[in-house]
Amino acid sequence: MITLSEVSKVYSSDVQIGPVSLTIPAGGVTTLVGPNGAGKSTLLTMIGRLLGIDEGVIEVAGYDVVKTSSKDLAKILSILRQENSFITRLTVRQLVGFGRYPHSHGRLTVEDEEAISKAIDFLDMRELEGRYLDQLSGGQRQRAYVAMVLAQDTEYVLLDEPLNNLDMKHSVQMMKHLRRAAEELGRTIVVVLHDLNFAAHYSDYICAVQDGAVVEFGTPAEIMEAEKLTRVFGTPVNVFAGPTGPIAVYY
Ligand SMILES: Nc1ncnc2c1ncn2[C@@H]1O[C@H](COP(=O)(O)OP(=O)(O)O)[C@@H](O)[C@H]1O
Ligand SMILES: [Mg+2]
């Protein structure tokens with residue numbers, strides 16, 4: 001379980017995120033949605049202790065993220081940031097190997113190599129593992145970063161817009177893989193997505209963020225309502241009953 005209690009980040013006198021109180025249940029996929037600038041990345045990076053918290057407390061599996069050492073937290077939580085600056089002279093396999101650092105401290109064991117290979121295979125990157133990052137397309141590089149995060153093998157996985165740059169096939173593969181990680185391995189996945197239909201289809205819970213506040217939290221069936229979505233996104237959204245669940249149309 002992840003709990004945020006009265007958490008806020010004050011960027012300036014006119015930009016403040018929170019105070020937010022929120023409980024993300026353990027297990028399953030929870031998706032953050034909301035307009036640009038709503039505060040999704042701010043919340044995610046505070047949970048992932050990459051950004052300081054100005055007020056309030058965040059706990060992941062009972063660990064206070066501010067008081068727990070990075071070393072201990074890295075064994076239960078991994079995070080993919082929205083923006084990743086990359087070192088060009090690094091191969092895909094070397095990058096994914098960094099995900100094992102909390103376990104190996106730099107000396108990779110057979111078990112680490114297996115975890116690296118597994119993550120590379122999951123992201124369909126076997127043929128690219130020897131390539132340098134600057135020899136990849138944006139989508140391939142994005143998959144390499146996700147592979148690195150998955151190789152960390154943590155119970156909690158936070159991913160900020162992991163579908164950025166991905167084509168349809170790889171977006172579907174990624175979401176299916178995240179679902180499987182939640183269902184079969186009991187992982188807790190927290191993800192930021194822009195596509196409402198992906199969010200509705202693959203999530204257990206959807207959390208809508210708007211103007212630095214959590215304005216809706218519920219199951220896809222509860223959130224996928226035209227009026228709510230229109231309000232959150234500030235643009236007309238219709239919802240229709242599709243064969244596998246609600247479908248949002250917003251063009
Ligand atoms: N480092 C920063 N300094 C000042 N303002 C920031 C900084 N990072 C983000 N913001 C502002 O905080 C708000 C929320 O940003 P962010 O969390 O990135 O939103 P989202 O991920 O939902 O698009 C935006 O108004 C953004 O301009
Ligand atoms: Mg963001």
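Okay, quick definition to start: a pocket here is an open set of grid points with protein on both sides within 12 Å along at least five of seven lines, and its lining residues have an atom within 4 Å of a point. Keep in mind that we're looking at a predicted model.

With that in hand, let's take the second largest pocket. Its lining is made up of A115, K118, A119, F122, L150, A151, D153, H177, A181, L185 and R187. The volume comes out at about 170 Å³. Helices α5 (110-122), α6 and α7 (168-185) each bring at least two lining residues, and α5 gives the most, with 4. By type, that's 7 nonpolar, 1 polar and 3 charged.

Now the largest pocket, with about 460 Å³ of space. It has 22 lining residues, and the closest to its centre are I79, N84, F98, Y145 and M148. Which elements give two or more residues to this lining? They're β6, α3, α4 (101-104) and α6 (138-151). The largest share, 4 residues, comes from β6. The lining splits into 15 nonpolar, 5 polar and 2 charged.

Last stop, the metal. What coordinates the magnesium ion, ligand 2? S41 does, through OG, along with Q82 through OE1, at 2.0 to 2.2 Å. S41 sits in helix α1 (residues 40-47), while Q82 is in the loop between β6 (77-80) and α3 (92-98), so this pair ties together parts that are 41 residues apart in sequence.

Note on methods
Residues numbered from 1 in each chain as written. Chains lettered and ligands numbered in written order. Predicted model: local features only at pLDDT ≥ 70, side-chain atom pairs only at ≥ 80, totals over all residues. Heavy atoms only, no water. Donors = N, O, S within 2.8 Å, 3.2 Å for Na, K, Ca; no water. 1 Å grid on protein atoms, 1.4 Å probe; cavity = no way out; pocket = protein on both sides within 12 Å on 5 of 7 lines; lining within 4 Å. Points joined across faces, edges and corners; volume = space filled by probe spheres on them. Nonpolar A, V, L, I, M, F, W, Y, C, P; charged D, E, K, R; others polar.
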